[in-house]
Amino acid sequence: MLRTPFEEELEKLHNQFYAMGTEVAGQITKTVRAFVSHDRQLAKEVIENDEEVNNYETKLEQKSLEIIALQQPVSADLRNVITVLKASSDVERMGDHASAIAKATIRMKGEVRLLEVETEIKAMGKIVRNMVEEALEVYLNGEENRAYEVAASDEIVDNYFRDIQNLVVDGIRHNPDTAFAGKEYFQVLMYLERIGDYARNLCEWVVYLKSGKIVEL
């Protein structure tokens, strides 16, 4: 079956989006590893790579608007292009948060740390990264049913967020010298929790793409 120019352009768009998503998932892995292993060099790499993620978003935005202007898609086709536009903006924000965690890694140099907190942050980071990768798969394959399942795992992220916050408060109470580190832990937890929220947003865009309904999962 012959494919229309629109279908070809759309496939390119989706592939570009997936490449961007994969890059960001890698950034999340790196930034959590840098934070818990106190690797400032790796943290610097994450900060430098953020520019690449921003370039992806700019290119996707230009390409999406070009398709809308030149091909004038309607209904489901238009939804397809709008979804890429919205989803790429969510993924770009995930990249920003990965970079912010890397900056926290650099600020933590020489501070008294809470190792049990960092062990838990590592576990939370793994859950968040898996959620992002699964949301990207759901997006790529347009699996509406699975979108609901992946979005539900955001609750696990939220539980980690609360539990680790309590751990930090306890740690500071027992050792006031960890107060500066504590402030950074709260920031990092917030960034990871937000990345989970953006992964959930991706699942919501899949539901929109398939049903035309904007839902909060």
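The following questions and answers concern a predicted model of one chain.

Visitor: How many helices and how many strands are there in the chain?
Guide: From the N terminus on, the elements run α-α-α-α-α-α-α. The C-alpha trace spans about 65 × 35 × 25 Å along its principal axes. The count for the chain is seven helices and zero strands.

Visitor: Among contacts between residues at least 6 apart in sequence, what percentage join residues at least 24 apart?
Guide: The chain has 217 residues, and 45% of them count as buried. Among the contacts in question, the share that joins residues at least 24 apart is 82%.

Visitor: Are α6 and α7 roughly parallel or roughly antiparallel to each other?
Guide: Helix α6 covers residues 154-174 and helix α7 covers residues 179-211, and their axes lie 10 Å apart. The packing angle is about 175 degrees. Angles over 145 degrees count as roughly antiparallel. The two helices are therefore roughly antiparallel.

Visitor: How many nonpolar residues does the contact of α6 with α7 have?
Guide: From α6 the contact includes Val 157, Phe 161, Ile 164 and Val 168, and from α7 it includes Tyr 185, Phe 186, Leu 189 and Met 190. Charged residues also take part, among them Asp 154 and Asp 158 in α6 and Arg 200 in α7. By class, the contact has three polar and five charged residues, and the nonpolar ones number 12.

Visitor: Which residues of α5 are exposed on the side away from the buried ones?
Guide: In helix α5, residues 144-152, the buried residues are Ala 147, Val 150 and Ala 151. They cover an arc of only 100 degrees around the axis, so they sit on the same side of α5. An α-helix has 3.6 residues a turn, so residues three or four places apart point the same way. On the other side of α5, the exposed residues are Asn 145 and Glu 149.

Visitor: What covers the buried residues of α5?
Guide: The buried residues in question are Ala 147, Val 150 and Ala 151. Their cover includes α4 (115-141), α6 and α7.

Visitor: What separation do the C-alpha atoms of Ile 67 and Val 81 have?
Guide: Ile 67 lies in helix α2, and its relative accessible area of 2% makes it buried. Beyond residues up to four places away in sequence, Ile 67 touches Phe 6, Glu 9, Leu 13, Gln 72, Pro 73 and Val 81. Ile 67 and Val 81 are 14 residues apart along the chain, and their C-alpha atoms are separated by 7.8 Å.

Visitor: Is Glu 204 buried or exposed?
Guide: Glu 204 is found in helix α7. Not counting residues up to four places away in sequence, Glu 204 touches Val 215, Glu 216 and Leu 217. Its relative accessible area is 14%, and the cut-off for buried is under 20%. Glu 204 is therefore buried.

Definitions and conventions
Residues are numbered from 1 along each chain as its sequence is written. This is a predicted model: local features need pLDDT of at least 70, side-chain atom pairs count only at pLDDT 80 or more; totals for chains, interfaces and linings use all residues. Side-chain values use heavy atoms; hydrogens and water are left out. Axes are lines fitted to C-alpha atoms, for helices over the stretch in contact, and angles run from 0 to 180 degrees between N-to-C directions. Helices (H or I, at least four residues) and strands (E, at least two) are DSSP runs, numbered from the N terminus. Angles under 35 degrees count as roughly parallel, over 145 as roughly antiparallel, 65 to 115 as roughly perpendicular and the rest as oblique. Contact means heavy atoms within 4.5 Å. Buried means under 20% relative accessible area, exposed over 50%, partly exposed in between (1.4 Å probe, protein chains only). The arc is that of the directions from the helix axis to the C-beta atoms.
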